[in-house]
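Hi,

Here is the model I promised to pass on.

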4 protein chains.
Amino acid sequence: MCGIFGMIGCENAAKLVYLGLYSLQHRGEESAGIVSYDGEKIIYHKSMGLVSETFNEENLNSLKGDTAIGHVRYSTTGLSHSKNIQPFFAKHKKGNIVIAHNGNLTNTVDLQNEMEDKGSIFQTTMDSETITHLIARASNNDFKNNIIEALSRLEGAYSLILMTDHLLVGARDPHGFRPLCLGELDGSYILASETCSLDLIDARYVRDIEPGEIVFIEKGKLESVKPFPKKKHSSCIFEYIYFSRPDSNIFGESVYITRKNLGKQLAKEYPVEADFVMPIPDSGNSAAVGYAQESGIPFEIGMIRNHYIGRTFIQPSQMVRDFRVKIKLNPIKDVLKGKRVIIVEDSIVRGTTSRSRVRTLRKSGVKEIHMRVSCPPIISPCYYGIDFPNKEELIANRHSIEWIKDFIGVDSLEYLSIDGMLNSMPFKKTEFCTACFNGEYPTKLPKAFSKDMLEKV
Amino acid sequence: MCGIFGMIGCENAAKLVYLGLYSLQHRGEESAGIVSYDGEKIIYHKSMGLVSETFNEENLNSLKGDTAIGHVRYSTTGLSHSKNIQPFFAKHKKGNIVIAHNGNLTNTVDLQNEMEDKGSIFQTTMDSETITHLIARASNNDFKNNIIEALSRLEGAYSLILMTDHLLVGARDPHGFRPLCLGELDGSYILASETCSLDLIDARYVRDIEPGEIVFIEKGKLESVKPFPKKKHSSCIFEYIYFSRPDSNIFGESVYITRKNLGKQLAKEYPVEADFVMPIPDSGNSAAVGYAQESGIPFEIGMIRNHYIGRTFIQPSQMVRDFRVKIKLNPIKDVLKGKRVIIVEDSIVRGTTSRSRVRTLRKSGVKEIHMRVSCPPIISPCYYGIDFPNKEELIANRHSIEWIKDFIGVDSLEYLSIDGMLNSMPFKKTEFCTACFNGEYPTKLPKAFSKDMLEKV
Amino acid sequence: MCGIFGMIGCENAAKLVYLGLYSLQHRGEESAGIVSYDGEKIIYHKSMGLVSETFNEENLNSLKGDTAIGHVRYSTTGLSHSKNIQPFFAKHKKGNIVIAHNGNLTNTVDLQNEMEDKGSIFQTTMDSETITHLIARASNNDFKNNIIEALSRLEGAYSLILMTDHLLVGARDPHGFRPLCLGELDGSYILASETCSLDLIDARYVRDIEPGEIVFIEKGKLESVKPFPKKKHSSCIFEYIYFSRPDSNIFGESVYITRKNLGKQLAKEYPVEADFVMPIPDSGNSAAVGYAQESGIPFEIGMIRNHYIGRTFIQPSQMVRDFRVKIKLNPIKDVLKGKRVIIVEDSIVRGTTSRSRVRTLRKSGVKEIHMRVSCPPIISPCYYGIDFPNKEELIANRHSIEWIKDFIGVDSLEYLSIDGMLNSMPFKKTEFCTACFNGEYPTKLPKAFSKDMLEKV
Amino acid sequence: MCGIFGMIGCENAAKLVYLGLYSLQHRGEESAGIVSYDGEKIIYHKSMGLVSETFNEENLNSLKGDTAIGHVRYSTTGLSHSKNIQPFFAKHKKGNIVIAHNGNLTNTVDLQNEMEDKGSIFQTTMDSETITHLIARASNNDFKNNIIEALSRLEGAYSLILMTDHLLVGARDPHGFRPLCLGELDGSYILASETCSLDLIDARYVRDIEPGEIVFIEKGKLESVKPFPKKKHSSCIFEYIYFSRPDSNIFGESVYITRKNLGKQLAKEYPVEADFVMPIPDSGNSAAVGYAQESGIPFEIGMIRNHYIGRTFIQPSQMVRDFRVKIKLNPIKDVLKGKRVIIVEDSIVRGTTSRSRVRTLRKSGVKEIHMRVSCPPIISPCYYGIDFPNKEELIANRHSIEWIKDFIGVDSLEYLSIDGMLNSMPFKKTEFCTACFNGEYPTKLPKAFSKDMLEKV
């Protein structure tokens with residue numbers, strides 16, 4: 001998964017892009033990069049690691065210019081190494097181009113083969129390099145038309161920010177899988193994955209970029225086009241369930257309130273008697289509050305999250321069982337002992353983490369554990385950017401809920417229904433991609449992932 | 001403030017000490033150190049920085065031996081530089097000694113002057129070096145008696161772990177200012193500041209070390225002595241209010257439940273009509289849950305805490321107002337807009353942070369803000385280890401509650417009463433130090449802090 | 001300038017490439033890189049910095065495979081940043097290609113423009129990316145013919161090592177500007193810039209790659225072709241004068257002996273009475289020994305070179321005059337005081353360094369300084385890879401020898417004659433490029449250097 | 001071994017100390033440290049590593065004050081870890097004290113035992129901590145007298161620089177084992193191990209500190225005392241043979257000229273017919289020039305020293321025989337082939353390095369190798385600071401010259417005679433310590449080295 005942020009028309013744009021990336025860190029912890037344009041040349045800094053590790057006062061000061069775009073990445077396609085850090089940039093016959101991309105294309109292999117036949121060479125496995133080649137090969141004299149021509153070849157999911165000298169471009173694929181919003185600060189335009197990054201820099205939320213829309217921003221003017229045939233909207237519902245930050249609005253609506261509604265619906269569908277409701281902190285917090293409010297059962301904090309996790313190298317699995325869970329979450333024994341508790345999880349992927357957490361809770365002397373999951377069982381992989389594991393590793397793809405209940409070790413386990421989930425959403429149920437829950441993919445699937453050719457050591 | 005952890009009789013003791021320090025990181029983020037004894041020599045690794053930054057697989061593997069003690073530090077006395085990282089160690093006529101200390105002595109200057117007159121030299125400004133000198137100068141042939149003689153000279157607050165070759169020693173001052181508990185894992189004894197570190201390594205909580213008690217642990221045997229005249233107990237009440245982790249028990253009782261009781265008492269003392277109760281996350285969480293349960297007003301999450309704060313070097317104060325608060329906490333506008341909210345804070349020190357938070361909340365369009373603080377006004381500094389600022393910087397020392405209310409910018413502001421606080425405690429009110437709230441210090445005050453002589457760059 | 005090294009058919013080829021680069025470090029201190037092929041994929045490690053800083057046991061162990069090529073670089077074209085570190089690699093329609101290049105092309109801009117018109121994009125400003133594009137666009141079904149077709153388009157200087165899966169390729173341009181030799185170790189072939197790198201790994205020198213020759217090495221077999229029209233040979237004479245290591249043979253002959261011959265010739269052309277001959281260490285050592293042997297004047301050491309120079313950040317120019325020279329070279333006062341000395345320099349570029357050295361020597365109380373330079377005055381820049389400054393900064397381009405003598409502050413100054421230099425060479429005088437001494441360039445000159453588009457910070 | 005440098009009365013003294021240490025790097029590559037006094041407090045920076053790695057602009061700027069002392073160390077006593085980095089500092093009853101020490105005491109264990117009996121504790125195994133304790137325990141009211149009293153207790157070798165607030169002190173033991181000279185720059189006094197560090201900063205050499213002399217420098221005034229009974233002078237002859245830099249004067253005389261005289265004497269004692277004389281660069285350079293001048297045989301360069309050795313981690317001993325030698329020195333084959341050569345070595349310790357070098361030379365096809373060593377056989381360890389190995393590892397202690405000749409693999413091997421060595425010295429033969437050559441130690445030997453108690457990992 002990735003987060004993207006771009007800004008034009010603001011002195012030292014890179015500093016605000018840095019802050020924007022900081023607030024999008026949850027969308028990709030593997031690498032970070034910023035590229036600016038100072039009126040004459042492209043300046044960049046990228047590296048593996050967190051935003052706070054990648055940038056410092058010195059390199060930020062050097063990223064001069066009033067236009068800049070940035071990217072945080074957790075690799076889904078493309079191996080995880082330094083060549084693949086975005087933004088990607090190159091020069092071609094008509095100038096420079098810089099791209100930051102969130103989402104996964106589904107026809108990359110076809111496009112690369114086609115262009116290699118015409119003599120192109122590829123240095124990375126990134127979708128963004130493919131898009132750059134398409135723009136360079138487009139046949140128009142006009143840069144905007146070249147972008148339209150290039151994007152018309154793409155299939156799959158993309159929310160894009162492009163920069164070419166004095167022009168900033170934002171685009172979302174016609175399905176609208178990934179979010180992208182437009183903000184404004186003192187007359188300068190901003191493009192960002194989520195609104196939480198507008199909040200941090202005191203920018204005003206203007207509107208979302210629409211599915212199939214391209215915006216060209218230049219000299220303080222924004223031009224919007226919708227050059228592609230309309231397609232069924234397929235916003236990623238998992239952005240609401242887990243991925244986005246609860247203090248963001250995405251697709252125009254509040255993540256926290258949507259998530260709380262999922263919890264309320266869960267309480268309606270699967271009530272149970274208990275002494276209190278508790279979340280798995282922090283991802284289950286919002287839905288747990290909703291469950292407690294709907295059910296009237298007290299909200300309680302039963303586990304404490306450690307804020308210093310950082311990069312624990314040690315895995316003393318031989319010494320301490322369930323260590324990875326325990327280093328993050330510690331149960332409060334005096335609260336749990338002898339109690340019947342409802343635990344709200346946002347989702348279950350492999351089931352192993354939930355199992356560890358429950359085992360840890362059991363040691364506190366809890367009497368009954370009723371787990372409630374604020375989304376349906378995940379049964380199919382995502383080809384549009386969410387980093388689920390292979391189908392075989394998705395526990396709900398291979399096992400019944402009853403089996404999972406026993407595996408995790410709870411007294412009862414219930415998942416929210418697909419209809420319940422869709423009814424909790426802030427807009428029409430037909431406008432979401434729910435492929436991970438029901439296998440109904442809104443596009444053709446990719447033939448194969450591009451084979452990766454190299455490895456940095 | 002500091003956290004300490006020691007273990008004896010366990011293969012690779014240092015690895016468990018590392019985990020223990022990991023869970024005590026909140027007690028001191030400035031430096032970390034572990035010292036082990038491999039049967040022949042003392043091995044150590046210490047540095048400035050977090051536990052996760054200080055230790056790696058290689059240096060942990062080298063810290064061999066079945067006895068080890070560790071320390072995390074946030075400097076209160078002693079400048080903040082690498083010489084002052086604990087544990088402290090030295091050799092003297094009868095062997096090696098290693099010390100990890102939590103708390104502040106009040107007679108260090110007198111003791112150092114006395115020993116310098118006899119020819120001692122001091123390399124650091126740490127209390128632990130002073131204690132080591134006292135032990136080296138003690139007049140008995142027996143090491144245990146030397147420790148008793150040395151500790152009998154100390155005034156002020158100390159929870160100590162000492163190591164000398166095959167002996168591990170734990171001690172608390174007769175007032176019992178700081179916590180220290182005893183744990184056990186597979187027959188090995190553990191000494192730790194808080195029980196959360198026992199939980200992480202699956203160790204069993206045995207009991208607290210008592211005020212004025214010294215325990216000597218050797219070859220699997222524990223010997224307890226109480227050689228000092230009894231003094232009035234003065235457990236630090238601020239450990240319950242703010243400092244300790246909510247999932248710990250300290251002084252034998254649950255921090256979370258005590259903190260929730262503070263919130264309940266606050267609701268009784270200062271009720272107010274509102275749409276919901278929300279905490280300042282995460283330090284206000286426990287008391288906010290208590291306030292909500294007692295008042296019947298819904299608990300809600302109104303601000304989201306960013307988990308990637310790390311070390312943000314940038315301070316774009318000119319660009320973004322209240323940046324330091326906003327990078328940590330972001331209000332959820334759609335929840336707050338037009339609402340009357342009760343905000344629960346654990347404490348107010350200078351008032352500037354609260355003011356920033358309130359200003360940020362106001363921008364969300366909140367209608368009314370009623371702040372409730374789960375402790376009384378802080379009016380006096382702490383000489384026993386809590387790092388409050390000078391008296392002049394304590395806002396409640398210089399201003400009325402009405403003035404503070406206006407400064408912070410809330411519609412109402414109420415602090416918990418001293419009696420209400422003491423009545424919420426899990427044991428007798430006479431057993432606490434409340435000097436920071438009422439200026440009644442249980443010991444003589446230090447003449448002056450030892451002037452620091454050096455600075456590492 | 002650059003150094004290149006490649007090996008095929010040897011287990012853990014990368015480790016020997018590492019050693020090869022180590023001994024070629026003098027050819028480029030700015031960045032280093034190694035790429036290996038493990039039978040399935042390309043593995044690489046590259047970074048700014050010295051070879052010893054770039055590689056460690058861990059990354060070398062990961063560079064698996066029996067084929068590897070490496071590169072050290074001091075940028076001449078292409079800005080100095082991490083994107084431009086060689087070897088360069090990309091995939092194209094028929095597979096992977098990896099290139100390490102020494103020398104400068106003179107028609108890069110034309111070639112890039114031509115290919116950008118056909119839709120190519122460029123990510124770097126390196127000649128090696130240009131060559132890769134040419135190979136990808138070549139029209140043959142056979143990889144070897146594609147290389148021949150691509151290289152036939154190049155003008156200027158290139159000694160190249162290419163790797164494509166199981167094939168290693170070596171090539172020198174028809175003028176033969178830069179050296180490239182062939183070695184052999186236990187049946188495995190090696191390509192290297194200089195023979196000193198063969199010595200380090202106990203490899204046998206086989207022969208030099210000839211101007212205009214391409215060698216294809218595969219499965220232990222070497223195939224040689226010379227597909228290009230013959231051109232006048234133009235070996236870089238400055239490799240003998242300064243650039244190559246004195247313990248290397250280049251173009252088949254000993255650098256040290258050639259350099260000593262320059263010194264002997266200098267003694268014949270410009271004798272002078274003096275107490276002793278001394279070199280500027282270490283670059284003047286060989287010629288000074290030759291001068292002393294020819295003249296019969298004693299060889300002496302008058303300055304000591306500091307071996308710990310490393311990366312001195314400090315430039316206390318305000319404190320210590322001529323610091324940069326003095327940190328490297330310190331005169332021995334008791335040797336110099338009151339003496340008439342002949343100082344042998346290998347070359348003078350800007351004259352400022354020589355001036356500093358002389359000023360430092362003067363303080364030792366030396367009586368007379370007679371400077372002898374073992375090459376003619378440098379009056380023209382190099383377009384084939386030597387990093388001379390702009391023409392305006394070449395002191396001999398703008399000033400007479402008399403003027404330079406006064407500027408440097410010596411009692412006499414003499415340069416070796418062009419004929420004397422050519423007569424000291426180990427082979428025919430018509431086979432050298434002497435453009436930097438007489439402005440006679442053996443090729444067309446580049447229109448302009450490719451404008452650089454980006455900058456890493 | 002160690003190098004020391006101190007300065008008083010000069011703005012930003014630390015920057016000049018940094019340069020001084022830079023030029024003394026050859027005296028200790030393991031750690032470096034500088035301590036300054038800014039008029040109010042002691043400021044320090046120390047770390048393992050080279051001077052260029054330890055210091056940067058930022059930390060040097062922070063080392064404010066007009067008094068500073070520095071130290072580079074290669075451990076001889078005291079384990080090699082960060083606690084033992086000098087300068088050492090502590091406060092005692094009358095103020096601060098900072099010490100930098102070169103040399104080894106022989107009665108440290110006795111002194112430490114004595115003071116531990118009186119209650120002292122020791123944190124390191126360094127002689128400098130012992131000296132500090134002695135000063136703190138001295139019984140006078142006057143700081144200068146305390147220093148005299150403390151130094152009067154020391155036995156063995158010491159050249160010391162002490163700093164206490166506004167006073168700088170220099171001292172040499174009565175035997176005068178190690179060098180220490182006095183310099184002056186713009187009215188500020190300097191103390192330094194060797195004169196090469198005066199040269200670098202353009203300071204004037206004033207004179208050497210004499211054996212048994214103490215100088216106190218304060219407010220621009222220097223006071224000299226010689227409070228100790230006279231002892232036989234025993235200047236370390238190995239400083240001339242190998243240890244000091246050839247561009248330094250030590251004990252008042254030129255190292256290079258002395259070393260060249262050793263080479264001349266060697267030529268007189270052991271002439272041999274040969275085609276040329278060559279040094280092992282660079283340590284044999286001076287003596288080889290002397291041998292060539294005396295014998296009339298041409299001086300030649302037969303091996304080239306690689307200047308980029310840095311920290312080669314790799315030891316591909318299985319791959320490349322004699323790698324450690326070859327990475328440093330490469331023979332020039334075309335010079336050596338078929339020739340009879342005289343090789344001048346400065347000294348032979350274990351013999352293994354010489355053996356490797358000879359083996360490498362043999363591969364060049366050299367006809368005869370006649371090795372001449374510019375000092376006598378080393379048969380006894382040094383207790384005064386030179387880091388020779390155990391007696392058992394000294395090849396000349398266990399084997400005849402004939403045996404060593406065969407071991408190393410040369411056609412002839414001759415060592416300079418003890419008388420020849422002493423006659424080549426610039427002052428009286430009775431004033432040198434020659435214990436390593438004849439076992440005649442000028443002091444009592446230490447009982448045992450202080451057992452080290454701790455290890456940093």
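The domain assignment of chain A, where bounds come from an automatic or database assignment, gives domain 1 (2-234) and domain 2 (256-306 + 316-425). Keep in mind that this is a predicted model: local features need pLDDT of at least 70, side-chain atom pairs count only at pLDDT 80 or more, and totals for chains, interfaces and linings use all residues. Residues are numbered from 1 along each chain as its sequence is written, while chains are lettered from A and ligands numbered from 1 in the order in which they are written.

Back to those two domains. Their C-alpha centres lie 35 Å apart in chain A. Ten residues of domain 1 of chain A are in contact with four residues of domain 2 of chain A; two residues count as in contact if their C-beta atoms, placed from the backbone, lie within 7 Å. The domain 1 side of that contact has three nonpolar residues, six polar and one charged. For these classes, Ala, Val, Leu, Ile, Met, Phe, Trp, Tyr, Cys and Pro are nonpolar, Asp, Glu, Lys and Arg are charged, and the others, Gly among them, are polar.

On chain A as a whole, I get 17 helices and 24 strands. Helices (H or I, at least four residues) and strands (E, at least two) are DSSP runs, numbered from the N terminus. The radius of gyration of chain A is 23 Å, close to the 23 Å that the globule rule gives for 457 residues, so chain A is as compact as a globular protein of that length. That radius is taken over C-alpha atoms, and the rule is 2.2 Å times the number of residues to the power 0.38. Along the principal axes, the C-alpha atoms of chain A fill a box of roughly 70 × 45 × 45 Å. Of the 457 residues in chain A, 59% are buried. Buried means that 20 or more other C-beta atoms lie within 10 Å of the residue's own, exposed means 12 or fewer, and partly exposed is in between, with C-beta atoms placed from the backbone. If you take the contacts in chain A between residues at least 6 apart in sequence, 70% join residues at least 24 apart.

Now the chain pairs. Which chains does chain D touch? One is chain C, in a contact that takes 45 residues from chain D and 46 residues from chain C. On the chain D side, α1 (13-23), α7 (196-200), α9 (255-269), α10 (285-295), α11 (323-328) and α12 (333-336) each supply at least two residues. That side divides into 23 nonpolar, twelve polar and ten charged residues.

The remaining pairs I looked at do not touch: no contact joins chain B and chain C, and none joins chain A and chain D. In each case the closest C-alpha atoms lie 14 Å apart.

Two local spots are worth a look. In chain C, helix α4 (residues 108-117) has Thr108(C), Leu111(C), Gln112(C) and Met115(C) as its buried residues. They cover an arc of only 95° around the axis, which puts them on the same side of α4(C); the arc is that of the directions from the helix axis to the C-beta atoms. Asn113(C) and Asp117(C) are exposed on the other side. The cover over the buried residues includes α5 (127-137) of chain C. After α4(C) comes Gly119(C), whose phi is positive, near 105°.

In chain B, His233(B) is in the loop between β13 (221-225) and β14 (235-236). His233(B) counts as buried, with 20 C-beta neighbours inside 10 Å. Beyond its neighbours within four places in sequence, His233(B) is in contact with His175(B), Gly176(B), Pro211(B) and Glu431(B).

Cheers
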